[in-house]
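Q: Could you give me a close look at one helix-helix packing, residue by residue? I'd like the geometry first and then the contact itself.

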Amino acid sequence: MPERSSDNTYFLKDVRLLDPSQGLDREGHLHIRDGKVAGIGDLEIPRSGKGPVIAGNGWVVAPGLVDVHAHFREPGFEYKETIATGSQSAVSGGFTSVCVMANTDPVNDHPGVTLDMIRKADDIGLCRVFPIGAVSVGLKGETLTEMGSLAQAGCVGFSDDGYPVRTSRLLKRALEYSAMFGKPVIDHCEDRDLSDGGVMNEGWVATELGLRGIPNASEEVIVSRDLEVLKTTNGHLHIAHLSTAGAVRLVREAKRRHLNVTAETCPHYFSLTDEAVRCHHADAKMNPPLRSEEDRLAIIEGLRDGTIDMIATDHAPHAPFEKEKEFDQAPFGIIGLETALSLGIVLVREGMLDLTSLLYLMSVRPARAFGLPRGEIREGGRADLVLFDPDGMWEAGIPSFLSRSRNSPFRGRKLPGRVMMTFVDGRKVFDRREGGS
Amino acid sequence: MDALRTPHLLTVSDLTPGEMEGIFRTADSFLDLSSRTVKKVPSLRGKTVVNLFYEPSTRTRTSFEIAAKRLSADVINITTSQSSVVKGESLLDTVRTIEALGADGVVIRHPASGVPEWISRRVGCHVINAGDGLHEHPTQALLDLFTIQKRKGRLKGLRVAIVGDILHSRVARSNIRAMSLMGISVRLVGPPTLIPKDRGDWNAEVFHDLREGISDCDVVMALRLQLERATANYIPSLKEYAKFYGISPSVLQSARPDVLVLHPGPINRGIEIQDEEGFREHSGILDQVHFGVGIRMAVLYLLMAGGNKGEGNA
Ligand SMILES: [Zn+2]
């Protein structure tokens, strides 16, 4: 359990202090007191009475990671994940703030549901949890939710994720109305009609495996629609889980036209291609699907040139009995909170990104785009922090993830980058040495 | 005997050209047997073969059943309608069933691609794919090639046109692989809606015009058209499909004079095959049924008679 005493005081000795929001990258110590960063740099190492001294071994201290797209499944699907297990999973992956999607049961289309989620998360007291409200009542694509009340209750954005916002007209109204509260409308861009029951990327692998394909156009058609609709409103459109080269191109062009659009991608889209379906089966099944190598490289390019604003996980837990099925019938989605940072570090090792840019994409930028609190490594800054060993190798999901589920194509893969500790408001909410596996 | 390296037959890619020839030789020797009065051999005595069919297919199931019985195996048929799959009978239950029955070999037909492979990783017996979704139907390809070899005397250097719904055909997928392996050049003929755009390392030329596609071909293989393709707009109507892609005596004029016509069955007469009487001497369709039993005996025998149970992969 997290420590709850008011004197949460820690001294992190010999660490690399890295904060992309202020171009900070130096060695030194960091002192946490009363939920804040009390000092950084060449501090005097305390002898006693100032809380535990933690040997940093040159590991990185950075603002805690922020995920704008996760599914914690509570209420309704607690056998897949709960707010408690999702929170544990998050902090063990270095996340201090997580936005949770509305496709629960009941759907988060009512302030009561939102308040319940927040209350539960507060009781658990690990990461900060920010609900995302539904765009339409029951995710049915018909009636706009009471966005004002949802925002008052604590929703930080609106999405029918799992489904696209069904019609152009509903999207237009949602963008117009939500603009009043400064909250983004987040769209899962997919033309379901074009997907036509597809279960993986349309391409050679699908041809060979005899599985029905989802074409790239399925995503791009709706990204185009959304951008054209956005142009007619003052809203903020956020595009979830970008996966195709064409969609990256569309967003790049829209940004050139100064549209108020942000976009995320997920670690799997820059780490894997549809080839992964051959050996990982349903653990490599998600929507949008893993695409071609050309798409993967375009996603990385989008991260490099700022077209894609942030990395989100689309953490989507499903129970083993649901994934242990015919590929056609298994549900879409993989878990991602515990592997995201490591997969980002793989990109850094491959020279595609530098560590500062990666951390910007995983903390500073998503927090700014969604108006969320974030850690800052400066005196008086909020002590939402992650301490990680960028070179530490580990075997993903062995013996087990902290998530209640284990549907990940990265399970068993040796990855670099090991989260050692996570602090939220100066409280140590995760410590690898205390048996987090 | 021409042993196989693989404990299972899941896709044609599990086999080498040499192994395929071995299967043909073995099938030949079993076919000699079927012309005798006592048709049984004791090769699989004491072994249990489970035919697990999640899709109705009297032809394939019967063919496997006869094959297993001629090898003296005990045969258990389990035919489950598609509805019980929809109702959520889990594949793990299927695995438990196979184990409870003490199967030495299981023959699986399933509407979802990849299921035989999935099962093979979880059971300790031999698994034979009798058709999975849109994926593969390896014994069909083997019997097609065997029929071609019997009728043409060779495989290498022949030219074959596969006509119809390639996109949704496991028969086509297995045949394209098997034919390429055996040195046959393959053409795919059909409307663009029914031919996959991404063909990777399939070494096949694509034609949309039937006469052009079958010109100079030694073999024309017509595929069964699922009638629902018209309602899903893959084709405008069955009538138009029949007009553009139906195999008839007059169309066959464009192929080689000694062309052989194959069809995996069951045939939609008047659609993909028209006026069969008019090209009776070119048809290999009855041979396919006859040779099917020999091929399935050979596959069961070569996988199962050696005494290995196919563990290692379990
Ligand atoms: Zn989504």
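A: Angles under 35 degrees count as roughly parallel, over 145 as roughly antiparallel, 65 to 115 as roughly perpendicular, and whatever is left as oblique. This is a predicted model, so local features need pLDDT of at least 70, side-chain atom pairs count only at pLDDT 80 or more, totals for chains, interfaces and linings use all residues, and side-chain values use heavy atoms, without hydrogens or water. Residues are numbered from 1 along each chain as written, with chains lettered from A and ligands numbered from 1 in written order.

Let's take helix H6 (residues 138-152) and helix H12 (residues 285-304), both of chain B (DSSP runs of H or I, at least four residues, numbered from the N terminus). Their axes come within 8 Å and cross at roughly 120° (lines fitted to C-alpha atoms over the stretch in contact, angles from 0 to 180 degrees between N-to-C directions). H6(B) and H12(B) are therefore oblique to each other. Their crossing is right-handed (the near helix is turned clockwise from the far one by less than a right angle).

On the H6(B) side, the contact (heavy atoms within 4.5 Å) includes B:Leu142, B:Leu143, B:Phe146 and B:Arg151. H12(B) brings B:Asp287, B:Gln288, B:Phe291, B:Gly292, B:Ile295, B:Arg296 and B:Val299. By class, that contact has 6 nonpolar, 5 polar and 5 charged residues (nonpolar: Ala, Val, Leu, Ile, Met, Phe, Trp, Tyr, Cys, Pro; charged: Asp, Glu, Lys, Arg; polar: the others, Gly among them).

For reference, in chain A, H4(A) and helix H7 (residues 216-231) pack at about 45°, axes 9 Å apart.

Conventions. Helix = DSSP H or I, 4+ residues; strand = E, 2+ residues; numbered from the N terminus.
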